[in-house]
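Hello,

Here is the structure we talked about handing over. Please take a look, then read my notes below.

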Amino acid sequence: MKPAIKDLLIERMQILIKNAMSNARSNPELAERQATLAKRLCTKYRIRMPYELRANYCKKCKKFIMPGFTARVRIGRSNVKSIRITCSFCNHTYRKIIKKQIL
């Protein structure tokens with residue numbers, strides 16, 4: 001695929017996800033539709049969705065989740081510092097490990 005087309009598709013996905021996040025509280029059906037369209041773009045044209053966009057989808061049910069509204073976000077209290085995200089649709093919990101920064 002040409003790099004210009006790939007950049008255009010990634011830009012379109014970013015716009016759709018940004019609009020879905022802004023519409024998540026007022027119109028959840030529209031937000032889900034916009035997020036589904038963004039996901040279909042990457043599957044149709046076989047490009048990888050960037051991590052910052054991919055992190056907005058549940059790893060189990062693949063639905064669009066917005067932290068604080070359709071997902072619960074908590075900080076883990078163990079030796080390994082992590083963020084626990086629980087999907088409100090399927091109740092699946094997964095962790096994102098927080099790495100220590102070396103100064």
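In which sense do strand S1 and strand S2 pair, and over how many bridges? This is a predicted model, and in it the two strands pair in the antiparallel sense over five bridges. S1 covers residues 71-75 and S2 covers residues 82-87. Together S1 and S2 form a hairpin, with six residues between them.

Next, the aromatic rings. The structure holds one aromatic pair. Its members are tyrosine 57 and phenylalanine 64, and the arrangement is edge-to-face. The rings are 6.2 Å apart, centre to centre, with 70 degrees between the planes. The pair counts as edge-to-face because the cut-off for that class is over 60 degrees. Both tyrosine 57 and phenylalanine 64 are buried.

Two lysines belong in this picture as well. Lysine 39 lies over the face of tyrosine 57, at 4.6 Å from the ring centre. Lysine 63 has its charged end over the ring of phenylalanine 89, 4.6 Å from the centre of that ring.

Last, the surface. Met1, Ile5 and Tyr45 form a nonpolar patch there. Together they have about 300 Å² of accessible area. Methionine 1 is in the segment before helix H1, which spans 3-23. Why does methionine 1 count as exposed? Its relative accessibility is 56%, and exposed means over 50%.

Best wishes

Conventions. Residues are numbered from 1 along each chain as its sequence is written. This is a predicted model: local features need pLDDT of at least 70, side-chain atom pairs count only at pLDDT 80 or more; totals for chains, interfaces and linings use all residues. Side-chain values use heavy atoms; hydrogens and water are left out. Rings of Phe, Tyr and Trp (its six-membered ring) pair if their centres lie within 6.5 Å; planes under 30 degrees apart count as stacked, over 60 as edge-to-face and the rest as tilted. Buried means under 20% relative accessible area, exposed over 50%, partly exposed in between (1.4 Å probe, protein chains only). A charge sits over a ring if NZ of Lys or CZ of Arg is within 6 Å of the ring centre and within 35 degrees of the ring normal. Two strands pair if DSSP finds at least two bridges between them. Helices (H or I, at least four residues) and strands (E, at least two) are DSSP runs, numbered from the N terminus. Patches are made of residues with over 30% relative accessible area and no salt bridge: like charges are joined within 9 Å, nonpolar side chains (Val, Leu, Ile, Met, Phe, Trp, Tyr) within 5 Å. Accessible areas come from the Shrake-Rupley method with a 1.4 Å probe; for residues, only the protein chains shown count as cover. A salt bridge is a side-chain nitrogen of Lys or Arg within 4 Å of a carboxyl oxygen of Asp or Glu.
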